[in-house]
Amino acid sequence: VLFGTEEGPGILVVGNAANNGNANEFGPNRVARIDGFSITGADHGGGVFASGYARNLQVSNNRIYSNQGTYGGGIRVGHVTLLDGEDLTDSQNRNVRIQYNQISQNGSMEGAGGGIALYTGADGYQVRENTVCGNFSTSDGGGIGHLGLSDGGIIANNAILFNQTFNQGVGVNGGGLFIGGAAPIAPAVLSEGSGNVEVLANLIKGNQAGAGDGGGIRTQFVNGMDVSSSRNNPGRWFRINLVNNFVVDNMAGLAGGGISLQDTAQAFIRHNTVAHNDSTATVGAAFAPNSPNESTAQPAGIVSRAHSSALAAAFGNAPQVQAFRAFSNPTLANNIVWHNRSFYWKNDATCDPATSATPCFGLYPRVGEPFNEPVVYDDLAVMGTAGCLDPRNSILTVLSDGCTYHASNLAADPLFVAGYFNGSPGQTVVINETTTSLATAPAFDEGGNFIDVRFGPLTPTGDYHLQDGSPAECLGAAGTGVTTDADGQARPITTNCTNPALPVTNPDAGADERG
């Protein structure tokens, strides 16, 4: 067991700048490896800090828990604010591999990433088969945060569970996973972008962005200078691939309980299950001016926001870029986007807390006893500008919600093995019902984000695989290049299809290929 120091990280990794990119950074035929440790108690620098030139570092088979860092709590790779002239420093931490770790109950104050923090220059990183659970950040990315330009990253086969972002003074995003380029250093200047990132076959569950967007996943400033340098060539822009992920039972204090996209010109969202996520409208930004007692409900499943003015102005005029100009317009194919709930918060000024048998404030609709009001589902939305998302070959809650979706979609219960909705903090059982309440704790004398939401269960439970006879069987379109599911099973399994109207060579929609 390694115990962290009061002023530094548990383990500090500093590479050799003079090596100038040699693959054998730490010596001929050697790879630096941090393997088999328990690392705990660091209260300033986090559990592991790879400062720079830590090429080919491997961090594996460790328990990294209860550490605190200013810029990343569990594992931190690189720097956030360090400048090289007028540019952010490229820390040249190439090909870092983080795998088979338990990363839990760590905390971060700034940057991004309470559990794992990946900053500029971590090109070719791989974050695989970790359990990232119960981490907290007062900035973006409660579980995992990618902030800055790091091209070719892979985040795959991780369990990202019950992480949280919250800041009472400002909006912070991405309860489970945050991927973003660094914010522009000067106003109206474009971000360098994030680089290309693959997010594959993760379980992203029970996370909370309590003061912003993207309870499960948030992308932000993914594109910028890459667009301005290739205005009419989308093939040269950075892209985010989200494939085979379970994004379930997450919560956002603003919008996009499942996924939120901002300044993300190219995202490919295929074969994901985005279900039973909640948006609570409990953030200061959800309250209209002069309306301190009632917020405005926000969409809950997959949310796309209008581009910043700087990015919107960077696109060319060629026909092939018109669909990207106004808002983050992802390719949505072969997904399940199902029963994501939208709430708003209300303080009843006519209620007397001294005599009322029920709370005078809380979330509406009041889906729990004694009110049992009808639930509101709001799965897909474009915010900040006119527009519609365009899902194809997917299970949706409804086929028309102000936008009319393509005829290849289907509105039908996907028949999860054991799905559940978030409920009260003490909830410990799986119940496939909407009649459960979420608790709120407001501080009326505080400004900003003055409401926190408490929910449960906060233990791994439920099962979002498909039952036999699911309408998702063979609903997906073939030819997407996705040949396995979240469990590594082949796509398609041709013996699955029970719908004679669909080709047996089609894959199932969602993250699971039943079989």
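How much space lies in the second largest pocket? The volume is about 310 Å³. The model is predicted, so local features need pLDDT of at least 70 and side-chain atom pairs count only at pLDDT 80 or more, while totals for chains, interfaces and linings use all residues. Residues are numbered from 1 along each chain as its sequence is written, and side-chain values use heavy atoms, with hydrogens and water left out.

**Second largest pocket**

Select Val 80, Thr 81, Leu 147, Ala 182 and Ala 183, which are the closest to the centre of this pocket among its 21 lining residues. A pocket is an open set of points on a 1 Å grid over the protein atoms alone, where a 1.4 Å probe fits, with protein on both sides within 12 Å along at least five of seven lines; lining residues have an atom within 4 Å of a point. Grid points are joined across faces, edges and corners, and the volume is the space filled by probe spheres set on the points. The lining comprises twelve nonpolar, seven polar and two charged residues. Here Ala, Val, Leu, Ile, Met, Phe, Trp, Tyr, Cys and Pro count as nonpolar, Asp, Glu, Lys and Arg as charged, and the others, Gly among them, as polar.

**Largest pocket**

Next, turn to the largest pocket, which holds about 430 Å³ of space. Select Pro 359, Phe 361, Gly 362, Leu 363 and Arg 366, the closest to its centre of the 25 lining residues. Colour β40 (361-364) and β45 (439-442), each of which supplies at least two lining residues; strands are DSSP runs of E of at least two residues, numbered from the N terminus. With four residues, β40 gives the most to this lining. By class, the lining has 14 nonpolar, eight polar and three charged residues.

**Cis peptide bonds**

Move to Tyr 364 and Pro 365, whose peptide bond is cis with omega near -5 degrees. Pro 365 is in the loop between β40 and β41 (380-383). A further cis bond runs from Gly 456 to Pro 457, with omega near 0 degrees, and Pro 457 lies in the loop between β46 (451-454) and β47 (463-466).

**Positive phi**

Gln 105 is exposed, at 55% relative accessible area; exposed means over 50%, buried under 20% and partly exposed in between, with a 1.4 Å probe and protein chains only. Leu 415, also not a glycine, has a positive phi of about 60 degrees and is partly exposed at 29% relative accessibility.

**Nonpolar cores**

Which residues have the most contacts inside the largest nonpolar core? They are Leu 57, Ile 98 and Ile 144, in a core of 50 residues. Apart from it lies another core, of 16 residues, among them Phe 246, Ile 336, Trp 338 and Phe 416. Such a core is a set of buried Ala, Val, Leu, Ile, Met, Phe, Trp, Tyr and Cys residues joined through side-chain atoms within 4.5 Å.

**Whole protein**

The C-alpha atoms fill a box of roughly 65 × 60 × 45 Å along the principal axes.
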